[in-house]
Amino acid sequence: MDHQAVLAQFDRETREQARADSPGARVERVGGVVRQVGAADDWNGILWSDLDGTTAAAAIAAQVEYFTALGREFEWKLYAHDRPGDLAGRLLSAGFTSGPTEALMVADIGELRPAGEPPGGVRLLPVTDAAGVDLVVDVHEQAFGTDGGRLRQRLLNQLSGAPDTFSAVVAMAGERPVSAARMELVPGTPFAGLWGGGTVRDWRGRGVYRALIAHRARIAAAHGCRFLQVDASDESRPILRRLGFASLSTTTPYLYEP
């Protein structure tokens with residue numbers, strides 16, 4: 001895989017030419033930025049920017065003013081290779097707060113190393129209804145220790161409004177949900193994004209996370225996708241690397257609350 005070529009394609013097709021990732025959201029291109037705007041439960045923020053030292057300050061101020069007028073908190077999703085080089089400092093000076101940095105990792109589906117089957121006693125349950133969404137949220141709250149209310153509403157919206165661009169799965173140990181993950185297909189591009197992979201503490205290290213990656217890779221391939229993309233935490237990065245994912249950049253969320 002040509003890392004620079006794939007990174008350029010990722011930037012162009014999933015960021016600069018982004019499509020809305022939920023039925024109630026829209027993508028707008030204005031003032032050197034590409035932003036997504038939606039309801040309070042949708043992801044609101046900046047996906048891509050084409051700025052330099054002379055235009056960055058005005059663009060940042062304009063986005064703060066725009067989302068503040070809507071009463072929306074929003075995220076500026078900043079990548080390490082974005083320009084200008086001091087954009088992170090400019091965002092902090094404008095009142096943004098930085099979140100944890102993650103690795104942008106990409107794999108060619110045809111070159112993935114075998115990930116294995118789920119461990120004994122575990123079955124994979126596709127999410128097709130509200131009951132399945134509740135299982136995903138249950139795992140999310142246990143694995144990450146955060147409230148899943150907004151996630152629940154977003155998944156319900158995707159199931160009802162854009163089911164062909166979304167896939168979620170829960171790993172069940174008997175009747176107990178122990179891991180869950182979702183995938184978002186980007187129509188018109190070769191990329192599928194893997195999101196939300198989480199496992200409850202006492203089931204970590206048993207291969208469930210790897211099995212969920214393999215499950216989603218098969219679905220992505222069946223939809224004609226070539227690449228899987230993950231924003232990887234420190235915990236998942238070594239697992240993904242062993243499966244054949246490569247780090248192409250890093251990404252950091254910069255959050256602004258009106």
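In this predicted model, helix 4 is followed by Gly145, a residue with a positive phi near 70°. Helix 4 itself comprises 15 residues, numbered 130-144. The distance from its first C-alpha to its last is 21 Å, close to the 21 Å expected at 1.5 Å a residue.

Seven positions make up the buried part of helix 4, namely Gly132, Val133, Val136, Val137, Val139, His140 and Ala143. These residues lie on the same side of helix 4, because the arc they cover around the axis is only 160°. Their packing partners are helix 5, strand 8 (166-173), strand 9 and strand 10.

Arg201 is located in the loop that runs between strand 10 (191-199) and helix 6 (208-222). Arg201 counts as exposed because its relative accessibility is 67%, which is over the 50% cut-off.

Helix 5 spans residues 149-161 and contains Gln158. With a relative accessible area of 1%, Gln158 falls under the 20% limit and is therefore buried. The side chain of Gln158 forms a polar contact of 3.4 Å with the side chain of Glu184. When neighbours within four places in sequence are set aside, the residues in contact with Gln158 are Asp21, Pro23, Pro163, Phe166 and Glu184.

In soluble globular proteins, nonpolar side chains tend to be buried together. The largest nonpolar core in the model consists of 22 residues. Within this core, the residues with the most contacts are Ala192, Leu194, Ile213, Ala220, Leu228, Leu240 and Phe245. At least two residues of the core come from each of strand 6 (102-108), strand 9 (176-185), strand 10, helix 6, strand 11 (227-232) and helix 7 (237-243). The greatest share is that of helix 6, which gives five residues.

Apart from residues up to four places away in sequence, Ala220 touches Ile109, Met183, Leu185, Ala192, Cys225 and Leu228.

How values were computed:
Residues are numbered from 1 along each chain as its sequence is written. This is a predicted model: local features need pLDDT of at least 70, side-chain atom pairs count only at pLDDT 80 or more; totals for chains, interfaces and linings use all residues. Side-chain values use heavy atoms; hydrogens and water are left out. Helices (H or I, at least four residues) and strands (E, at least two) are DSSP runs, numbered from the N terminus. Buried means under 20% relative accessible area, exposed over 50%, partly exposed in between (1.4 Å probe, protein chains only). A polar contact is a pair of N or O atoms within 3.5 Å; within protein, one must be able to donate a hydrogen and the other to accept it, and residues adjacent in sequence count only if both atoms are side-chain atoms. Contact means heavy atoms within 4.5 Å. A nonpolar core is a set of buried Ala, Val, Leu, Ile, Met, Phe, Trp, Tyr and Cys residues joined through side-chain atoms within 4.5 Å. The expected span of a helix is 1.5 Å times one less than its number of residues. The arc is that of the directions from the helix axis to the C-beta atoms.
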